[in-house]
Amino acid sequence: MTDPILATPMLEPVAQLTVTVGAPVEAGAVTGVETRGQRRIIPITGGSVRGRLQGRVLAGGADFQIIVSPTMAVLDARYVLALDSGEHVYVQNHALRRGPAEAIARLARGEPVDPAAIYFRCVPRFEVSSPALSWLTESIFMGTGARFPDRVELALFRVS
């Protein structure tokens, strides 16, 4: 009996997001059952959505970060998309961002850093109320991102 050959997942482009952000809130060192590090909260002030999904990112969300070391942060962004079709999509996006300590320090100071120097990958999950958008809840999604002084750029893909 031979081992079955499993298909390699493919990535289907879904959306490009530009998420504008405000000044970080440094909440200090935290400890908990699953968290250890420096808590940083980045307010989400708006943005745009392009691709299979079209619309805007609503102000009022935030990225709740734990800075676990000088080279790595665990991100938990929560925000709402208002689509041009009138529907809303709630997004909870878990991410890992890491890179050389010097580059991460420059990001924290709001300085530009070449996105190629930073590993930034995310796994978004969606909540929808429209049956036309149920496909967002029936697959796994992943993405890649880049942090700039005033915004985060994300490319999101459906894993097929």
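Residues are numbered from 1 along each chain as its sequence is written, and side-chain values use heavy atoms, with hydrogens and water left out. In this predicted model, local features need pLDDT of at least 70 and side-chain atom pairs count only at pLDDT 80 or more, whereas totals for chains, interfaces and linings use all residues.

A search of the whole structure finds two aromatic pairs; rings of Phe, Tyr and Trp (its six-membered ring) pair if their centres lie within 6.5 Å, and planes under 30 degrees apart count as stacked, over 60 as edge-to-face and the rest as tilted. Phe126 and Phe141 form an edge-to-face pair, with 5.1 Å from centre to centre and 85° between the planes. Because Phe126 lies in strand β8 and Phe141 in strand β9, this pair ties together parts that are 15 residues apart in sequence; strands (E, at least two residues) are DSSP runs, numbered from the N terminus. Phe126 has a relative accessibility of 10% and therefore counts as buried, the term standing for under 20% relative accessible area, with exposed over 50% and partly exposed in between (1.4 Å probe, protein chains only). Phe141, at 1%, is likewise buried. The rings of Trp135 and Phe141 have centres 6.2 Å apart and planes at 50°, so this pair is tilted. Trp135 is also buried, and Phe126, Trp135 and Phe141 form one aromatic cluster.

The charged end of Arg52 sits over the ring of Trp135, at 3.7 Å from its centre. The criterion requires NZ of Lys or CZ of Arg within 6 Å of the ring centre and within 35 degrees of the ring normal. Arg121 lies over the face of Tyr119, at 4.7 Å from the ring centre.

Gln65, in strand β5 (residues 62-69), has a relative accessibility of 2% and so counts as buried. Beyond residues up to four places away in sequence, Gln65 touches Gln38, Arg39, Arg40, Ile42, Val74, Leu75 and Arg97 (contact means heavy atoms within 4.5 Å). The C-alpha atoms of Gln65 and Ile42 are separated by 7.8 Å, although the two residues are 23 apart along the chain. The side chains of Gln65 and Asp63 are joined by a polar contact of 3.0 Å, that is, a pair of N or O atoms within 3.5 Å; within protein, one must be able to donate a hydrogen and the other to accept it, and residues adjacent in sequence count only if both atoms are side-chain atoms.

Ser130 is placed in the loop between β8 (119-128) and β9 (140-148). At 13% relative accessibility, Ser130 is buried, and its side chain makes a polar contact of 3.4 Å with that of Glu87.

Key:
Helices (H or I, at least four residues) and strands (E, at least two) are DSSP runs, numbered from the N terminus.
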